[in-house]
Amino acid sequence: MPTHHVEHSPAPPDVELDRARPDPVRYDLAWPDSEHASPAPPGLVLLIPGFGQDNDDGYLRAFREWIAARFGLAAMTVRYHGIHNRPNQGAAPQFTTEDAGRLYHACEAHGIAWPPPDQAPNLNQLIQQLHHATSTKAVEAQRRGAPAPSMTTLTCGLLSPDGPVNLGLPQALDHLAALCHLQQHRPIDTANVVALGSSHGGYLAQLCAKLAPNTFRAVLDNSGYAQLPERYVDGRPSLTPDCFDAWSPVFRFAYFVTSGWSLDAAAPNHYHADARALRDLAFAPHREAVRAATDRPAAVRCVHAPDDEIAPTTDKQRYVETLRRDGVDATIQVMAEPDVDGRYVKTLDHGLGLSLRTFFEKHYTTLPAHETAHTNDAARGTTLIFAGSDRAYHLTHGPDGPAVRYTSNQ
């Protein structure tokens with residue numbers, strides 16, 4: 001059986017929001033046993049979960065051990081900044097005055113008494129009462145053969161255990177730092193490192209390859225977006241929640257991410273155009289900087305739903321076309337009804353209900369042969385400058401991991 005290890009690497013600081021990160025980044029590692037390992041150091045699969053069903057400790061461990069046992073590869077998962085971003089992953093509810101107002105009006109509509117002004121409302125208790133009232137009315141309507149009551153939707157913010165999140169750059173840097181830490185302590189074939197992810201994990205796999213363009217042999221991406229969605233910055237102004245949680249057929253919550261950024265142009269933490277461009281995989285000036293610094297670009301294999309509202313399909317297709325124009329071995333398969341076989345592809349919704357094991361096996365075994373003498377970004381000291389209209393990101397790779405300077409053009 002493969003052996004399982006828990007390791008920790010220093011956390012890169014958040015230079016954009018000027019926040020130190022004193023707690024180390026944990027990563028979990030499956031290492032092939034002697035029966036499956038070759039005499040040479042094993043390659044590595046960087047398995048990057050998103051915020052959906054693939055973000056489950058038991059599932060991730062079983063996947064890593066499967067890779068190690070079946071392919072003789074090491075497999076790691078990084079508990080990156082903001083990874084626990086959903087209620088079932090430890091994110092805490094945060095009610096704004098507007099959220100409480102929606103709860104008040106819903107309670108009023110269903111005959112639930114709100115406490116007098118001199119008493120603080122117990123929001124959790126009121127939510128449970130509202131859930132009971134709406135569910136009871138739905139059951140009664142069904143018994144009478146009447147139409148079901150309309151859906152009651154409440155809103156709520158979610159605060160990650162990491163605090164207000166900065167999605168994108170710090171998360172990718174966590175993976176690159178953990179990868180360098182691993183290389184310092186264990187022998188791996190640095191010419192054969194593959195990043196694999198779904199949804200937000202697929203996006204981060206691509207962003208890692210943008211920031212470290214000589215480090216990955218391949219990126220396997222299921223349903224990742226081509227740029228960070230604005231709902232992860234602040235979805236409230238556009239009423240675009242990160243996700244919904246249906247408590248019953250007639251009662252649900254719409255959850256908004258608690259972000260470290262603001263869309264308010266006057267705020268000191270304004271999500272400015274240069275931060276947005278850094279998180280856009282296809283941004284042309286950045287693609288030029290990446291292309292100039294790349295000797296061996298990662299092969300890219302993408303699968304996608306035909307009409308993905310969460311990760312727009314046309315954006316992803318344009319991104320893959322951009323890679324091809326840059327000479328990258330990149331493909332995208334947009335699934336259709338005949339592809340839904342109930343095993344590999346289960347739906348045509350976001351994520352496709354995809355079997356990631358089949359996805360990995362299907363594409364890993366067909367990748368072009370890799371050069372064993374290849375030098376990655378940490379060894380070659382790659383430097384990238386992503387210059388913008390007001391700010392520039394200076395990214396330098398070294399044996400101790402990536403380092404970022406964030407400077408003003410003024």
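**View A. The buried side of helix 1.** Leu 60, Phe 63, Arg 64, Glu 65, Trp 66, Ile 67 and Ala 68 are buried in helix 1, where buried means under 20% relative accessible area, exposed over 50% and partly exposed in between (1.4 Å probe, protein chains only). Among the elements that cover these residues are strand 1 (3-9), strand 2 (25-31) and helix 10 (356-364). Helices (H or I, at least four residues) and strands (E, at least two) are DSSP runs, numbered from the N terminus. This is a predicted model, in which local features need pLDDT of at least 70, side-chain atom pairs count only at pLDDT 80 or more, and totals for chains, interfaces and linings use all residues. Residues are numbered from 1 along each chain as its sequence is written, and side-chain values use heavy atoms, leaving out hydrogens and water.

**View B. Helix 1 from end to end.** Helix 1 covers residues 57-71. At its start, a side-chain oxygen of Asp 56 comes to within 3.2 Å of the backbone nitrogen of Gly 58. After the helix comes Gly 72, with a positive phi near 70°.

**View C. Leu 239 in its loop.** Here is a residue that is not a glycine, yet Leu 239 has a positive phi of about 55°. Look for Leu 239 in the loop between helix 6 (231-234) and strand 9 (243-248). Its relative accessibility is 55%, so Leu 239 counts as exposed.

**View D. Leu 352 in its loop.** Leu 352 sits in the loop between strand 12 (330-334) and helix 10. Its phi is positive, near 65°, in a residue other than glycine. Is Leu 352 buried or exposed? With a relative accessible area of 0%, Leu 352 is buried.

Conventions
The expected span of a helix is 1.5 Å times one less than its number of residues. Contact means heavy atoms within 4.5 Å. A polar contact is a pair of N or O atoms within 3.5 Å; within protein, one must be able to donate a hydrogen and the other to accept it, and residues adjacent in sequence count only if both atoms are side-chain atoms.
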